[in-house]
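Keep the sequence and the model open while reading.

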Amino acid sequence: MPVTPSPASSAAIVARLRAAGCVFAEDEARLLLTTAETPDELEAMVERRVAGLPLEHVLGWAEFCGLRVEVDPGVFVPRRRTELMVAEAAALAGDVPPGPVVLDLCCGAGAVGVALLSRLGRGELHASDVDPAAVRCARRNVAPVRGHVYEGDLFEPLPASLRGRVDVLVANVPYVPTDEVAFMPPEARLHEARVALDGGADGLAVARRVAAEASEWLAPGGHLLTETSERQAPVALGVLAAAGLRPRVVRDEDLHATVVVGSRVTADFTNPARNM
């Protein structure tokens, strides 16, 4: 059960966290106190947080879309802004009978795919990541929704049977330009896998690779969703259009989130005007 230190001890933990630069020291202290099971474990967790490890790596989990997602050391921590991708994907996949086939590329801990299936209450989940540590973590997270996680580069490890069946492809690709990674907060820059952050010269290198192959995997009328920055969105829309997808952008000012959506266009031979 959680540790119950004296008020003075709790205040001391808050003070240590605040001195280390933790802006939400009170909230973090509460989470540490409710997670640690012994005083020694609590002290070790506080020391790791004060040393600069991400809170989620110290706790062993992150809250995402109301779920507790396991996050191992070194694995990309799901961001709250990515909840926009889940909400948009759920809106697109909600009416697919008997349930959508979901593909989560660059899945990290598997948070996006798990949150999407949990919200829909049905569906078939496949995910992949190139980082072995992320794959190990994702496999634990997707087990409750009976998902499948593959280790490898984007589409490469996926079973051929998925081609042309994917209703929703969510890809939280790395999109930080290479030259800007050095300016990221130390928690991300020093403690998350570089492959989960670095998006190449303009931040869209991985997004281009995903878009280029997406149509081969999407079902007719299927959708690709990728997160990007507001600054990159115009170029990202062009990337989707060049790949033969119908592009649009979704923004949420409160979450400071931008998602680009590319839909696979299907010809309607009964109404030629719809294809113009």
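The buried residues of α10 pack against α9 (205-217), β7 (218-228), β8 (245-252) and β9. Contact here means heavy atoms within 4.5 Å. Buried means under 20% relative accessible area, exposed over 50%, and partly exposed in between (1.4 Å probe, protein chains only). Helices (H or I, at least four residues) and strands (E, at least two) are DSSP runs, numbered from the N terminus.

The model is predicted: local features need pLDDT of at least 70, side-chain atom pairs count only at pLDDT 80 or more, and totals for chains, interfaces and linings use all residues. Residues are numbered from 1 along each chain as its sequence is written, and side-chain values use heavy atoms, with hydrogens and water left out.

**Helix α10**

- Helix α10 spans residues 233-242, and its buried residues are A233, A236, V239 and L240.
- Seen down the axis of α10, these buried residues fall within an arc of 110 degrees, so they line one face of the helix. The arc is that of the directions from the helix axis to the C-beta atoms.
- P234 and A242 are exposed on the other side of α10.

**Nonpolar cores**

- A nonpolar core is a set of buried Ala, Val, Leu, Ile, Met, Phe, Trp, Tyr and Cys residues joined through side-chain atoms within 4.5 Å.
- The largest has 40 residues, and F64, L116, V170 and L225 have the most contacts inside it.
- Two or more residues each come from β1 (61-64), α5 (83-93), α6 (111-120), β4 (124-129), α7 (132-142), β6 (166-171) and β9 (257-264).
- Helix α6 gives the most to this core, with 7 residues.
- Another core lies apart from it, with 27 residues, among them L105, L218, L245 and V260.
- Leaving aside neighbours within four places in sequence, L225 is in contact with residues including M85, L92, V170 and V260.

**Strand β4 and its partners**

- Strand β4 is mostly covered, with 5 of its 6 residues buried.
- Strand β3 (residues 101-105) runs parallel to β4, and 5 bridges join them. Two strands pair if DSSP finds at least two bridges between them.
- L105 has S128 as its bridge partner in β4.
- On β5 (residues 148-151), 4 bridges join the strand to β4, again in parallel. There, the bridge partner of S128 is Y150.
- β3, α6 and β4 make a right-handed β-α-β unit. β4, α7 and β5 make a right-handed unit of this kind too. Right-handed means that, with the strands pointing away from the viewer, the path from the first strand over the helix to the second runs clockwise.
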